[in-house]
Amino acid sequence: MTLTRNILLLMSKNHWMKNHVPRWKFVRRAVRRFMPGETIEAALDAAAGYEREGIPAVFTKLGENITQIEQAEQVRDHYLDAVDKIAERRLTAEISVKLTQLGFDHSVDASREYCREIVCKIKNRLGNEFFIDMEGSAYIRRTLDLYFRLKDEWDNTGLCIQAYLHRTEADLDDLFSVNASLRLVKGAYKEPADIAITSKRKVDENFFALSQRMLTRTKHHGTRMIYATHDEKLIARIIEEAKIIGLPREQLEFQMLYGIKTSLQKQLARDGYKVRMLMAYGESWYPWYMRRLAERPANVWFVIKNVVKQ
Ligand SMILES: Cc1cc2nc3c(=O)[nH]c(=O)nc-3n(C[C@H](O)[C@H](O)[C@H](O)COP(=O)(O)OP(=O)(O)OC[C@H]3O[C@@H](n4cnc5c(N)ncnc54)[C@H](O)[C@@H]3O)c2cc1C
């Protein structure tokens, strides 16, 4: 893990910066590279365009670790309304949420109830899947518990899992046993060595090892498994592995973020793979944006270039 990545991840949690940085014009301009806008309407417009190119969206409203439980109710209402808007626009977009945005720090029961309301409406109105993001390691056990309870009641619930965690390999067994739809990512938070693999090369290897198990799962049980990465080498290895085990390309799904490797996303969609683009929107983008910079510190130059453009 590089020093720059560590500094950016520490900055993502700094309160002073969280309150001040989003007001700086050049940062606001730079952040547009990773999000279509701050409103759901901006995300819907962008999603409609990409859906026409065979790349449907996954929506996530930015904002995490809310400070009052009433804010969680507003987030719940926002997503319920977003489901209507997706249906009215006849899009096949899905929704993925962060539990800390739905009051997880205040009341696990309340956030589970909010998830139930959202997933129920998604099932009835959109007929697609509702996903839960995986956040920092302090939340993992509770997130899995909530997920298993929700999945028991609502089959259309999927979960994100992180390849950098030592525990994920063992978690797969439990998740397979409930036929969970899974989205595999490398992991975006700053975690200690006893919890997460810290060498990038080893994270990539673990991502591939987990992918092999997931591909086999799809092959034998048809379970939906998603590989959410922009790593072209890993994507090529996963495609190769799918060929080896005889998994048809229509059963292979990749997800990437808005604004990153767009031409690769289009190429994969044209080649017949399933591709979805995660579109984040909202006003509270600061910590999320800092994690995007940490993933590729070269992005900081993009921010600096925007100072010059002022
Ligand atoms: C759909 C989706 C959902 C996600 N959900 C979660 C979640 O719930 N929990 C979680 O912890 N993490 C989540 N992540 C983030 C993930 O953990 C990684 O931090 C992120 O995807 C970067 O890792 P990578 O797999 O692309 O590989 P990397 O090795 O980081 O990147 C591979 C290549 O992709 C390009 N790239 C990657 N990131 C960027 C960037 N920010 N800007 C420009 N180029 C870039 C670069 O060319 C880089 O060399 C999600 C990612 C995606 C795509």
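**Note on the cavity, pockets and ligand site**

1. A search of the whole structure finds 1 cavity of 30 Å³ or more. A cavity here is a set of points, on a 1 Å grid over the protein atoms alone, where a 1.4 Å probe fits but cannot get out. The largest cavity holds about 40 Å³ of space. For such volumes, grid points are joined across faces, edges and corners, and the volume is the space filled by probe spheres set on the points.

2. A word on the basis. This is a predicted model, in which local features need pLDDT of at least 70 and side-chain atom pairs count only at pLDDT 80 or more, while totals for chains, interfaces and linings use all residues. Residues are numbered from 1 along each chain as its sequence is written, and side-chain values use heavy atoms, with hydrogens and water left out.

3. Which residues line the largest cavity? They are M134, I140, L144, I161, Q162, L165, T168, D171 and L175. Lining residues have an atom within 4 Å of a point. Two or more of them come from each of α7 (140-153), β4 and α8 (168-177). α8 gives the largest share, 3 residues. Helices (H or I, at least four residues) and strands (E, at least two) are DSSP runs, numbered from the N terminus.

4. By class, that cavity lining has 6 nonpolar, 2 polar and 1 charged residues. Ala, Val, Leu, Ile, Met, Phe, Trp, Tyr, Cys and Pro count as nonpolar; Asp, Glu, Lys and Arg as charged; the others, Gly among them, as polar.

5. Now the open spaces. A pocket is an open set of grid points with protein on both sides within 12 Å along at least five of seven lines. The largest pocket has a volume of about 1,300 Å³. It is lined by 44 residues, and K186, G187, H230, R292 and E295 are the closest to its centre. β4, β5, α9 (200-221), β7 and α12 each give two or more residues to this lining. The largest share, 5 residues, comes from α12. The lining has 19 nonpolar, 10 polar and 15 charged residues.

6. What takes up the space of the largest pocket? The ligand does. A molecule sits in a pocket if more than half of its atoms lie within 2 Å of its grid points. Around the ligand are 26 residues, of which K186, K200, T229, H230 and E295 come nearest. To be near, a residue needs a heavy atom within 4 Å.

7. The shell around the ligand draws at least two residues from each of β4 (157-162), β5 (181-185), β7 (253-257) and α12 (286-295). β7 supplies the largest share, 3 residues. The shell divides into 11 nonpolar, 6 polar and 9 charged residues.

8. For T229 the distance is 2.6 Å, for H230 it is 2.7 Å, and for Q162 it is 2.9 Å. Taken alone the ligand exposes 930 Å², and the protein buries 88% of that. Accessible areas come from the Shrake-Rupley method with a 1.4 Å probe.

9. Finally, the second largest pocket. Its volume is about 820 Å³. Of the 32 residues that line it, K18, G63, E64, N65 and P287 lie nearest its centre. α1 (3-11), α2 (15-20), α5 (69-88) and α12 each supply at least two lining residues. This lining has 12 nonpolar, 11 polar and 9 charged residues.

Notes
Polar contact = N/O pair within 3.5 Å; in protein donor to acceptor, adjacent residues only side chain to side chain.
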